[in-house]
Amino acid sequence: MEKRSLKLEKAGLAIPEVLAKHRLLLPYRMYQAKRDWKKIVGEQIAKYSYILDFKNNIIVIAVMNPVYMNYLFMYKNKIIEEVNSYIGHQAIADVRFVKKGKKPVQTVYETLDGEEKDVLPEGNIRQVILDDSTVANIRRETENLPDGLRERVVQLRFAQAKRIKAYAVSGFIPCPSCGRWMAKGEKICIFCRSAARHALKMKVRAVLEEMPWLSWEKMAEHVAVSVQDKAAEQAYNDVRRNLIYRYIEKVYYEYDSDADDLILALLITRRVPGDIPPKFIENLVAKYRRKPEHNVSPSES
């Protein structure tokens, strides 16, 4: 028989032993830390940052203001201490800060305490009434859960069902890829667009590293996108530019090889290897090579 306690104040903490038994307690507390970031670090810091992710024992914090990047870095040990204290476990050993332009689109949070955020498009989610068949289905699907967990999961499922109904009534539609809510008329949500763009860039980079001379028209064929796709073309331009900078840096700091010099020339000119004279490559490398400092003798001063 499971041990029960009536002394805990928060409903969400009424089942820690059950969650721990099912290996859900730590992920749940990390989820709560994301939600309660403002409570952990204060309103001022939370205004310009948020928890982006937890990776193993590292907390990834997105910072929207570069000034705060340096400020937060000085207090990283304090952040680790506060987050571990909130989670109730020494789960975090390090912090990684990443620059982000803005916070992600807010969503309604469902927790074992009920709804926590007020980001529903229209009205209050608590005012949504579920039909009898939905309630019956949720009750039936959760009837085999442990006694200490069943009713709270039921309430969580009710909250999720209410959210779905409320968003649908407000004209929102789920992303076909990930299920996040988005405005009607969009094909995929901003998160999936970002992931797709990143995947495209990785594919473009792999092709360019093999064939640095490819134009956008040829690249479009290799990555199977329309040559008229402006977003994909911009991704190609971004990758090509970054590769050029990478090889220029190699030349500048003199850790380039002959192959690197050739690739740089191919990227810049988009000409195939046999069409580039060796003298052109030599002049190009000389242009970007770091110039030695000129030592002025006393007689010249």
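## Before you start

Residues are numbered from 1 along each chain as its sequence is written, and side-chain values use heavy atoms, with hydrogens and water left out. Because the model is predicted, local features need pLDDT of at least 70 and side-chain atom pairs count only at pLDDT 80 or more, while totals for chains, interfaces and linings use all residues.

## The sheet

Let's begin with the strands. Three of them form an open sheet in the order β1-β2-β3, with mixed pairing. Strands here are DSSP runs of E with at least two residues, helices are runs of H or I with at least four residues, and both are numbered from the N terminus. Two strands pair if DSSP finds at least two bridges between them. β1 and β3 stand at the edges with a single partner strand each, so one side of each is left without a neighbour in the sheet. From one strand to the next, the twist averages 30°.

Strand β2 (residues 58-63) is mostly covered, with five of its six residues buried; buried means under 20% relative accessible area, exposed over 50%, and partly exposed in between, using a 1.4 Å probe and protein chains only.

## How the strands join

Strand β1 (residues 49-55) pairs with β2 in the antiparallel sense over six bridges. In β2, Ile 59 is the bridge partner of Phe 54, and Val 63 is the bridge partner of Ser 49. β1 and β2 form a hairpin with two residues between them, and Asn 56 in the turn has a positive phi of about 55°.

On to the other pairing: β2 and strand β3 (residues 94-99) run parallel and are joined by six bridges. Here Val 63 has Lys 99 in β3 as its bridge partner.

## Helices against the sheet

Helix α6 (residues 76-87) lies across β1, β2 and β3, running at about 110° to β3. Such angles run from 0 to 180 degrees between N-to-C directions, and the axes are lines fitted to C-alpha atoms, for helices over the stretch in contact.

## A lysine in a helix

Now look at Lys 250, which is placed in helix α11 (residues 230-252). Lys 250 counts as buried because its relative accessibility is 15%. Leaving aside residues up to four places away in sequence, Lys 250 touches Tyr 255, Asp 256 and Asp 260, where contact means heavy atoms within 4.5 Å.
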